[in-house]
Amino acid sequence: MAANTGKLLGKTIFITGASRGIGKAIALKAAQDGANIVIAAKTAEPHPKLPGTIYTAAKEVEAAGGKCLPCIVDIRYEDSVVKAVEEAVGKFGGIDILVNNASAISLTSTAQTPMKKYDLMNGINARGTYLCSRVCLPYLKKGNNPHILNLSPPLNLNPLWFKSHVAYTIAKYGMSMCVLGMAEEFKPDGIAVNALWPRTAILTAAMEMLGGGPDVASQCRKVDIISDAAYLMLCKDSRSYTGNFAIDDEVLAEAGVTDMEQYSCVPGSQLLPDFFLDAASAYVEQGKIVQQEPKTAAPPSGGSPAQTFQMIKAMLNKDLVESVNGIFQFQLTGANAGSWYLDLKTGEGAVGEGEAPNGSQCTMTLDSDDFSKMFAGQLNATNAFMSGKLKIKGDMAMAMKLEKLMNKTRAKL
């Protein structure tokens, strides 16, 4: 892992959304240098499903060697941000680094995204990033090697990244557009503005919740890869390193870190590529990017959709229904075209041909052969979606939960 060098000693770092996950990991890494950390987040009371508050995070920062100021902040509101920044300046004397980490996500189509959800994502992601950057700017101009780091992706205009969740993409790209514009605008002031994005899915409590449970860990890297990459970026000279859209493992490789496998939650496993990177046919294995589907054995004999659904039917039970709590519609094309449903919300569950009697939350359209391969573990669901083989309409988070069921069926198909 990237070793601490002490370069952030005494620096004041304002981090949004740092009560848990990636934001907290970056805070803890900087704290090891003896940095002053401002945790700017909304979570003052424990969340029913997600661990951590600004106060528990502050204790961890101080235990790691840093000083900390926990601030209750909703970055959608200017007065809330101004108050937190003023408190930070009053306590630590200024601000040297801003990390725009706070973000809201809803992987839903236009029809499934009401304006309230659209406004939430854009209010936090794009507007919140702009607002925090603007309010911190006067202090960054006086800062020591000042940086703004946004946790946002490269600006990739491939329609693939817009068609299924255009509202989220607009919001996330708003953060990246701040990098593009502010890097040039603030260059005369010596303020670096960069973006950092992960190559693969990162395991956080939120990811476990969205992904359907702890099983998703085998497809993720640890938050350490992001915090290590962020640390290296924030230690660079702000006048010469700006306007970059960096990928976590590339930052580490450039710094001489060659063992990426150490960041895998389950070493040796195949990892999910993250959104917004053109790796539709790629996967990550043994720490390396491979640009095609892994070789698999021949499809199981007689692996028709009907047989797959019969196998699923035999596995249905109340516990499985409670863990997924969703209804799926499958529109299959190709050799075994047809319509099937999987009800994992009602009673002890049900499968059948035709339309789901109680309606569906998520509709998946794909070739019947790809359907059988996907449930047999011979086609990665995320790669299928990213390459266009699998089309999803409706609740994307619910679609991710289906991976849990696939893991159970693979041993029997």
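Phe 276 is buried, with a relative accessible area of 1%; buried here means under 20%, exposed means over 50% and partly exposed is in between, using a 1.4 Å probe and protein chains only. The structure is a predicted model, in which local features need pLDDT of at least 70, side-chain atom pairs count only at pLDDT 80 or more, and totals for chains, interfaces and linings use all residues. Residues are numbered from 1 along each chain as its sequence is written, and side-chain values use heavy atoms, with hydrogens and water left out.

Back to Phe 276: this residue sits in the loop between helix H8 (248-254) and strand S8 (283-285). Helices (H or I, at least four residues) and strands (E, at least two) are DSSP runs, numbered from the N terminus. The phi angle of Phe 276 is near 75°, a positive value in a residue other than glycine.

Asn 145 also has a positive phi without being a glycine, with a value near 50°. Its place is the loop between helix H4 (115-140) and strand S5 (147-150), and Asn 145 is buried, with a relative accessible area of 18%. The side chain of Asn 145 has a polar atom 2.9 Å from the backbone oxygen of Lys 236, and a polar atom of that side chain lies 2.7 Å from the backbone nitrogen of Ser 238. Leaving out residues up to four places away in sequence, Asn 145 touches Lys 11, Asp 96, Leu 234, Cys 235, Lys 236, Asp 237 and Ser 238, where touching, or contact, means heavy atoms within 4.5 Å.

Next comes a sheet. Five strands form it, open and with mixed pairing, in the order S12-S11-S10-S13-S14; two strands pair if DSSP finds at least two bridges between them. Strands S12 (350-353) and S14 (391-394) stand at the edges with a single partner strand each, so one side of each has no neighbour in the sheet. On average, neighbouring strands of this sheet are turned by 15° against each other, direction ignored. Strands S10 (residues 326-333) and S11 (residues 338-344) run antiparallel and are joined by seven bridges, with Ile 327 opposite Asp 343 in S11.

Two helices lie across parts of this sheet. Helix H9 (residues 305-315) lies across S10, S11 and S12 and runs at about 10° to S11. Helix H11 (residues 368-376) lies across S10 and strand S13 (362-367), at about 110° to S13. For these angles, axes are lines fitted to C-alpha atoms, for helices over the stretch in contact, and angles run from 0 to 180 degrees between N-to-C directions.

Gly 326 belongs to strand S10 and is buried, with a relative accessible area of 0%. Apart from residues up to four places away in sequence, Gly 326 touches Leu 342, Asp 343, Leu 344, Lys 345, Gln 361 and Met 398. The C-alpha atom of Gly 326 is separated by 9.0 Å from that of Leu 402, 76 residues apart along the chain.

Helix H1 (residues 21-31) packs with helix H2 (residues 54-64) at an angle of about 25°, and their axes are 8 Å apart. H1 and H2 are therefore roughly parallel to each other, a label for angles under 35 degrees, while over 145 counts as roughly antiparallel, 65 to 115 as roughly perpendicular and the rest as oblique. In the contact, Lys 24, Ala 27, Leu 28 and Ala 31 in H1 meet Ala 57, Glu 60, Val 61 and Ala 64 in H2.

Methods
A polar contact is a pair of N or O atoms within 3.5 Å; within protein, one must be able to donate a hydrogen and the other to accept it, and residues adjacent in sequence count only if both atoms are side-chain atoms.
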